[in-house]
Amino acid sequence: MTLDLFSDIENEQSENRKKKIGQADIQYVQSASILTEAKGFMEAYDYTLNPYSGCSFGCNYCYAAFFARSSDERENWGNWLKVKENALQLLIKWRKKHSLTKQST
Ligand code: SF4
């Protein structure tokens, strides 16, 4: 029921979506996950959350470009941005799953 509400909102929003920000093209993608268990220097936290990938700036000193998934994305860093359009649904799903887990233990 809740997810149906979001699909109505998404349909309405998709007509007014921005296609560009600065020089960067914006893509709206369905993601499989939204939270990543925090490790290394982030281990003080439980998870990191990345609702977007890419960047519209493309700073010369940026190290984030090296984490892009393809050579094309690395070479064009600063010219693309991917919005995980199902981010909220993924968080709701995760929350429901983990609420049930916590209640049963
Ligand atoms: S992610 Fe990289 S290119 Fe984008 S603003 Fe930060 S440092 Fe600059």
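Reader: How many C-beta neighbours does Ser31 have inside 10 Å, and how is Ser31 classed?

Author: Exposure is read from a count: a residue is buried if 20 or more other C-beta atoms lie within 10 Å of its own, exposed if 12 or fewer, and partly exposed in between, with C-beta atoms placed from the backbone. Ser31 has 16 such neighbours, so Ser31 counts as partly exposed. This is a predicted model, in which local features need pLDDT of at least 70, side-chain atom pairs count only at pLDDT 80 or more, and totals for chains, interfaces and linings use all residues. Residues are numbered from 1 along each chain as its sequence is written.

Reader: What share of the chain is buried?

Author: Buried residues are 3% of the 105 residues.

Reader: Where is Ser31, and which residues does Ser31 touch?

Author: Helices (H or I, at least four residues) and strands (E, at least two) are DSSP runs, numbered from the N terminus. Ser31 sits in the loop between β2 and β3 (35-37). A contact means that two C-beta atoms, placed from the backbone, lie within 7 Å. Leaving out residues up to four places away in sequence, Ser31 touches Lys84, Asn86 and Leu90. Between the C-alpha atoms of Ser31 and Tyr52, 21 residues apart along the chain, the separation is 9.9 Å.

Reader: In what order do the 4 strands of the open sheet come?

Author: Two strands pair if DSSP finds at least two bridges between them. The order is β1-β2-β6-β5, with mixed pairing. β1 (20-21) and β5 (52-55) are the edge strands, each with a single partner, so one side of each has no neighbour in the sheet.

Reader: In which sense does β1 pair with β2, and how does β2 run with β6?

Author: β1 pairs with β2 (residues 24-29) in the antiparallel sense over 2 bridges: Lys20 is opposite Asp25, and Ile21 is opposite Ala24. These two strands form a hairpin with 2 residues between them, and Gly22 in the turn has a positive phi of about 60°. By contrast, β2 and β6 (residues 80-84) run parallel, joined by 5 bridges; Gln27 stands opposite Lys82 there.

Reader: Which residues are around the ligand?

Author: A residue is near a molecule if its C-beta atom, placed from the backbone, lies within 6 Å of it. Around the ligand are Cys55, Phe57, Gly58, Cys59, Cys62, Ala64 and Gly78. For the classes, Ala, Val, Leu, Ile, Met, Phe, Trp, Tyr, Cys and Pro count as nonpolar, Asp, Glu, Lys and Arg as charged, and the others, Gly among them, as polar. The shell has 5 nonpolar, 2 polar and no charged residues.
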